[in-house]
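These are my notes from one sitting with the model.

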Amino acid sequence: MAATRYRRFLKLCEEWPRDEYKKGRDLGTFLRQRVASAFREGENTQISDPEKCDQVYESLARINSNIYRQRFPRVRDTSFTGVTVEECKLLLSGSVQQMDEEKKGLWKTIMERFSKSPEDAPEKAPEK
């Protein structure tokens, strides 16, 4: 029975889409890692709780087949902020985060200049 469960999970991993915008951070990658760690011995893995294993598989299969999206259709593909799906993908991709990292260098420089205490500043000569 463990072999059947293992094959079902492998098939689910093959069908699960990968998000190219979130390299290493998407749900598909996480799912593949969890299946690999749960079935270390492949088809020979002994499952301690087969009912829970089946329940997890069924839940993931429902998510993958978009059952809930079909059952509860959305009126618009935007959020309360009005941001579209494409804009969300751009924001969640690593490109915006990389830009923030580059800007941090300038921000740190500015903060260092203004955060110096008065003792660190050179003393002015008394005015005459």
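How many aromatic pairs does the structure hold? I find three aromatic pairs in this predicted model.

**Entry 1, aromatic rings.** I began with Phe 9 and Phe 39, which form a tilted pair, 5.6 Å centre to centre with 45 degrees between the planes. Phe 9 lies in helix 1 and Phe 39 in the loop between helix 2 and helix 3, so this pair ties together parts that are 30 residues apart in sequence. I then checked burial. Phe 9 has a relative accessible area of 6% and is buried. Phe 39, at 7% relative accessibility, counts as buried because the cut-off is under 20%.

Next I took Phe 9 with Tyr 57. Phe 9 is in helix 1 and Tyr 57 in helix 3, so the pair ties together parts 48 residues apart in sequence. Both Phe 9 and Tyr 57 are buried. I noted one aromatic cluster formed by Tyr 6, Phe 9, Phe 39 and Tyr 57.

I compared the span of helix 2 (residues 27-38) with expectation. At 1.5 Å a residue, its 12 residues should span 16 Å, and the end C-alpha atoms are 16 Å apart, which agrees. Which residues of helix 2 are buried? I list Gly 28, Leu 31 and Val 35. Looking down the axis of helix 2, I see its buried residues fall within an arc of 60 degrees, so they line one face of the helix. For reference, an α-helix has 3.6 residues a turn, so residues three or four places apart point the same way. The buried residues of helix 2 pack against helix 1 (2-15) and helix 3 (50-64).

I then looked up the largest nonpolar core and found 12 residues in all.

Last, I asked what Leu 12 is in contact with, leaving aside its neighbours within four places in sequence. I recorded Leu 31, Tyr 57, Leu 60, Ala 61 and Asn 64.

Technical notes:
Residues numbered from 1 in each chain as written. Predicted model: local features only at pLDDT ≥ 70, side-chain atom pairs only at ≥ 80, totals over all residues. Heavy atoms only, no water. Helix = DSSP H or I, 4+ residues; strand = E, 2+ residues; numbered from the N terminus. Expected span 1.5 Å × (residues − 1). Buried < 20%, exposed > 50% of the residue type's maximum accessible area, 1.4 Å probe, protein only. Arc of directions from axis to C-beta. Contact = heavy atoms within 4.5 Å. Phe/Tyr/Trp six-rings, centres within 6.5 Å; stacked < 30°, edge-to-face > 60°. Core = buried A, V, L, I, M, F, W, Y, C linked by side-chain atoms within 4.5 Å.
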